[in-house]
Amino acid sequence: MSEQPQILFKYRNVENYSNIDVYSQHEGYTAAKKALSMEQDAIIEEIRISGLRGRGGAGFPTFIKWNGIPKNWDSPHYLVINADEGEPGTAKDRELMNKMPHMLVEGCIIASWAIRAHSCYIYVRGEYVEPINALRKAVAEAYAKGYLGKGIFGTSFDLDIVVHSGAGSYECGEESALMSSLMGERGMPRHKPPSAPLPVISGVWNSPTIINNVETIATAVPIINMGGAEYAKFGSGRSLGTKLFTVSGHVNKPANYEFILGTPIREILETAGGPLNGKPLKFFIPGGSSTPMFPATDKFLDLPLDYETMMANGSMLGSGGLMFFNEDVSVPALMTRLMHFYAHESCGKCTPCREGTSWLTKIHDRIMAGGGRHEDLDILLDICNNIGGRSFCALGDAAAMPIQGALKHFRHEYEALIPSQSLSKRIFAPLPLATAAH
Amino acid sequence: MFTAEAKEQLDNIIKKYPTKKAALLPALWLAQEQYGGWLPADAMREVAGYLELPPAEVEGVATFYTMYNKEPIGKHHIEVCHNIACMVRGSDDIIDYIGAKLGIEKGATTADGKFTLNGAECLGACANAPCMMIKDKYYEDLTPAKVDAIIDDLKK
């Protein structure tokens, strides 16, 4: 196995690392001080060179977002941190906030300075009471040291950070829904470009807003410390640097791990202790529950885990939630559970998602109860095709993609659950095909 | 009713946002704490009055989010994650085990009002599945023995 540099997790096991003094003894706040002596453009340039892309799921180049705020923009604009980690299979931001909250605070300082924002909101999912408390403590410590507030680090730059608690809604992890929620509304998504402006033009409170994932912002700290070029030495192509992965399911050592982007999935599996009790694996989900699964065959286990390879093979790197499942797991049963989740979490705004997730759930329930019909699998795919890309946000797509993946690789498991006599239950006979050619 | 102390807390929260409305989620959290763990109509009306919002809007927001309780719940709200990462590590068995131990079905509260048992969607502790949340605290890598210890401790 190759040596894996620990960049974000370097001091993960240092005791009391969440304390500002301990953090400061371990390179803490050196990057913030360095950044404050740099020009805006120089910071964004380091981020560009580093190749950093959004770690929350979409993989959008971070420097492009940061560059979107007009230079020397005087009117209010905001930095918002998406800490609404809700994608099933993902638990990395939680550990980051619990154990190294100051790294996130420091990242917020760097990013805020780079875009000259004086207000930063960290939106944390409501269930994360421990991370919220850890962050609030860290923010209070930073204020007490003069690292936040008026004239931070003795400069003339003011910065306030507010830790905001959500209240239980998967949808709020979607950036436009998160902004609605932060403004005190129901967590529903907004129109997307080209019919509406990007958050960087009009985000929270109709002001330019940069919204980034926790890990993305935390990664700015080592990038400024080591330099973008040094960071970009890891990985290849457009997948540079390291990333946190939550490895869960049927492995011996489920945990959060840091790997270079492009590390073969097999190596990650081995680091995580291999299959639980040696039982053969059946399939795995590479990037959180919304990303299509792969069978656990040599072909797929040998794939490098990075943005491009996952995309080229019909899945996504997503949020880094790598889940392994052994042969005991029934794919339709697992998908049924997942569909209940998406139907529950659909915010109800857009018809294709609201109705579609509910239908996907009902059909799965019917198949699991032994009442599946011959045409059900095609109906499932048809519903998926009618959800994809037809709603304001990607929640519906996130429900559809796993089904498409499951039916692509494990259609036989679904078919085995459908009673053979169900053919006769068809209400409508298929129309005869035109035979005019004869 | 909000105590004077809670009102002061709320005033401080409002100052952190550019609009009063943005304080709605924090205000509802505070109200839930003030009203014994759930949000009766009075609580929502009080928040609406304080933030100068239409009561219907406050109710619309409060009912959107699952963590605002719309009815009274037990003193200890047990929420066991039943999403896929926990499911394949035995969360259904844990839910059944707790249900049998407390003599209640999922979704119910014990007669003494001490425990409410619910399933929850992904709690974000997937590497330590199965997990559950009781009030503010996470309990991870659950086994029946661990569950026994946790619940027996809370029963005291």
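This is a predicted model: local features need pLDDT of at least 70, side-chain atom pairs count only at pLDDT 80 or more; totals for chains, interfaces and linings use all residues.
In what order do the elements of chain B run from the N terminus on? They follow the pattern α-α-α-α-β-α-α-β-β-β-α. Chain A and chain B bury about 3,600 Å² between them, and 3 salt bridges are found across their interface.

**Chain B**

- The secondary structure of chain B consists of 7 helices and 4 strands.
- Taken along the principal axes, the C-alpha atoms of chain B fill a box of roughly 50 × 35 × 25 Å.

**Extent of the interface**

- Chain A contributes 57 residues to the contact, and chain B contributes 37 residues.
- Of the area of about 3,600 Å² buried between the two chains, 62% lies on carbon and sulfur atoms.
- Within chain A, the residues that lose the most area to chain B are A:Glu127, A:Ala167 and A:Arg337, which together account for 18% of what that side buries.

**Polar and charged pairs across the interface**

- One residue of that group, A:Arg337, forms a salt bridge with B:Asp92; the closest N and O atoms of this pair are 2.8 Å apart.
- Polar contact across the interface of chain A and chain B involves 18 residue pairs, with both residues at pLDDT 80 or more.

**The side of chain A that touches chain B**

- Helices H7 (129-144), H8 (175-182) and H14 (331-345) of chain A are among the elements that each supply at least two residues to this side.
- Strands of chain A that likewise each supply at least two residues include E2 (119-124), E3 (160-165), E7 (242-249), E8 (255-260) and E13 (321-326).
- H14(A) provides the largest share of this side, with 8 residues.
- By class, the side of chain A that touches chain B comprises 28 nonpolar, 20 polar and 9 charged residues.

**Helix packing within chain A**

- Helix H6 (residues 101-115) and helix H9 (residues 214-226) of chain A pack with their axes 8 Å apart, at an angle of about 80°.
- Angles of 65 to 115 degrees count as roughly perpendicular, and H6(A) and H9(A) are therefore roughly perpendicular to each other.
- From H6(A), the contact is made by A:Met103, A:Leu104, A:Glu106, A:Gly107, A:Cys108, A:Ile110 and A:Ala111.
- From H9(A), the contact is made by A:Val214, A:Ile217, A:Ala218, A:Ala220, A:Val221 and A:Ile224.
- The residues of this helix contact divide into 11 nonpolar, 1 polar and 1 charged.

Terms used. Residues are numbered from 1 along each chain as its sequence is written. Chains are lettered from A and ligands numbered from 1 in the order in which they are written. Side-chain values use heavy atoms; hydrogens and water are left out. Contact means heavy atoms within 4.5 Å. Buried area is the accessible area (1.4 Å probe) that two parts lose on being put together, summed over both. A salt bridge is a side-chain nitrogen of Lys or Arg within 4 Å of a carboxyl oxygen of Asp or Glu. A polar contact is a pair of N or O atoms within 3.5 Å; within protein, one must be able to donate a hydrogen and the other to accept it, and residues adjacent in sequence count only if both atoms are side-chain atoms. Ala, Val, Leu, Ile, Met, Phe, Trp, Tyr, Cys and Pro count as nonpolar, Asp, Glu, Lys and Arg as charged, and the others, Gly among them, as polar. Axes are lines fitted to C-alpha atoms, for helices over the stretch in contact, and angles run from 0 to 180 degrees between N-to-C directions. Angles under 35 degrees count as roughly parallel, over 145 as roughly antiparallel, 65 to 115 as roughly perpendicular and the rest as oblique.
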